[in-house]
Amino acid sequence: MRTRQDQIWMQRALSLAQKGEGYVSPNPLVGCVIVSADGDLIGEGYHERFGREHAEVLAIRNVKEREKLKDATLYVTLEPCAHHGKTPPCADLIADTPFSRVVIAMRDPTDKVNGKGIRKIESAGIRVETGLLQKEAEELNEYWLHLNDFKRPFVTLKIAQTADGYVAAPNGDSKWITCKQSRERVHLWRSRMDAVMVGRRTALHDNPSLTVRHVEGRQPRRVVLDGPFELPRNLNLFSDSHEEKTIIITHNKEKSETGTDPMLRLLTSNYFRGEIVHVDEQDGHVNLQQTLQKLGSMGISSLLVEAGEALSAALIKAELADRLQLFIAPKILGGGARSVAGIGRNRMDDLIPFRSHSWEQVGSDMLLTANL
């Protein structure tokens with residue numbers, strides 16, 4: 001029978017798991033807590049970096065008094081793995097440890113696990129319980145689950161607009177619509193996402209770096225959509241110290257491979273340390289569905305899109321945006337580029353409803369978070 005104390009320990013494991021955010025992808029976030037038969041916390045750990053030890057291994061290793069492992073309870077946010085990957089199976093280690101009980105928040109739905117870890121542990125005579133704080137565990141790993149289900153990253157569309165719906169002035173200027181606190185929030189998101197993506201117009205006119213500067217955190221990969229493969233080599237995305245993190249998506253395979261233009265030739269030579277990914281052309285642009293599938297195959301489970309008007313509309317129209325993060329600044333512009341336009345909805349009956357949404361004040365701005 002589950003108790004209030006069980007929930008407290010699992011909540012602690014979930015909080016530990018979150019510490020790995022931004023560092024473990026494409027692996028899931030996992031936390032683990034070990035409680036002795038007397039009810040004392042004796043060990044804990046979380047998956048800290050991709051390729052390193054899993055949460056269960058670290059938690060067991062951190063137990064100082066080994067005799068207290070006898071009849072202890074292990075709480076873990078995800079079903080322990082049952083296969084050899086970069087590390088040995090955690091289920092085997094747990095089965096060889098004298099636990100009396102293992103409590104799991106959610107089962108691992110991947111083909112390599114999906115109940116196999118639970119059966120290994122149960123075969124050792126250890127009682128296994130699942131489903132404690134399952135919803136919270138699934139929310140914690142929504143990006144990982146989305147990649148497993150749809151084979152493409154979870155797409156978060158970030159838009160910063162004025163109160164009257166503009167993202168840029170008629171002359172193309174877009175700095176700065178939102179306040180400092182909102183910009184810091186975006187940098188926090190960047191540090192937690194696998195990649196950040198922009199279209200070629202944004203890359204050309206804003207020359208963004210798409211790096212994490214206002215907060216501490218790791219640098220994400222950077223994706224730029226350049227269908228015709230014509231962006232100049234001197235842009236920050238192609239020439240700064242994080243150049244190797246840049247991924248160019250293009251449908252112009254011939255030009256990107258032959259490099260007939262001297263400036264373009266630099267992108268296909270050893271001078272460019274990033275990657276060039278080829279996709280099909282669709283209506284004069286890169287095929288967005290194929291782009292996301294290619295990124296998913298590269299292990300990118302979460303994608304923050306900092307788009308202009310055209311790319312925002314294209315993603316929404318193609319139903320490829322999973323979440324909208326819309327900053328609304330208390331300012332009026334009166335003209336320029338709209339945040340979203342031309343998505344083919346011409347009647348009130350065609351409105352796109354949000355599955356859920358919430359509002360938050362960030363500095364002087366309002367932030368709408370909506371699941372599409």
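What volume does the largest cavity have? I get about 180 Å³ for the largest cavity. On a 1 Å grid over the protein atoms alone, a cavity is a set of points where a 1.4 Å probe fits but cannot get out; points join across faces, edges and corners, and the volume is the space filled by probe spheres set on them.

Ground rules: this is a predicted model, with local features needing pLDDT of at least 70 and side-chain atom pairs pLDDT 80 or more, while totals for chains, interfaces and linings use all residues. Numbering runs from 1 along each chain as its sequence is written, and side-chain values use heavy atoms, with hydrogens and water left out.

I count 1 cavity of 30 Å³ or more. The largest cavity has 17 lining residues (an atom within 4 Å of a point); Ser25, Asn27, Leu29, Tyr143 and Ser301 lie nearest its centre.

Next, the cores (buried Ala, Val, Leu, Ile, Met, Phe, Trp, Tyr and Cys joined through side-chain atoms within 4.5 Å; buried is under 20% relative accessible area, 1.4 Å probe, protein chains only). The largest nonpolar core has 39 residues, and Met10, Ile34, Leu74, Phe99 and Val102 touch the most other members. Apart from that core I found another, of 31 residues, including Ile249 and Leu292.

Last, the strands (DSSP E runs of at least two residues, numbered from the N terminus). β8 (residues 195-199) pairs with β9 in the parallel sense over 5 bridges; pairing takes at least two DSSP bridges. Ala195 stands opposite Arg221 in β9. In β9 (residues 221-225), 4 of the 5 residues are buried.

Methods:
Buried means under 20% relative accessible area, exposed over 50%, partly exposed in between (1.4 Å probe, protein chains only). On a 1 Å grid over the protein atoms alone, a cavity is a set of points where a 1.4 Å probe fits but cannot get out, and a pocket is an open set with protein on both sides within 12 Å along at least five of seven lines; lining residues have an atom within 4 Å of a point.
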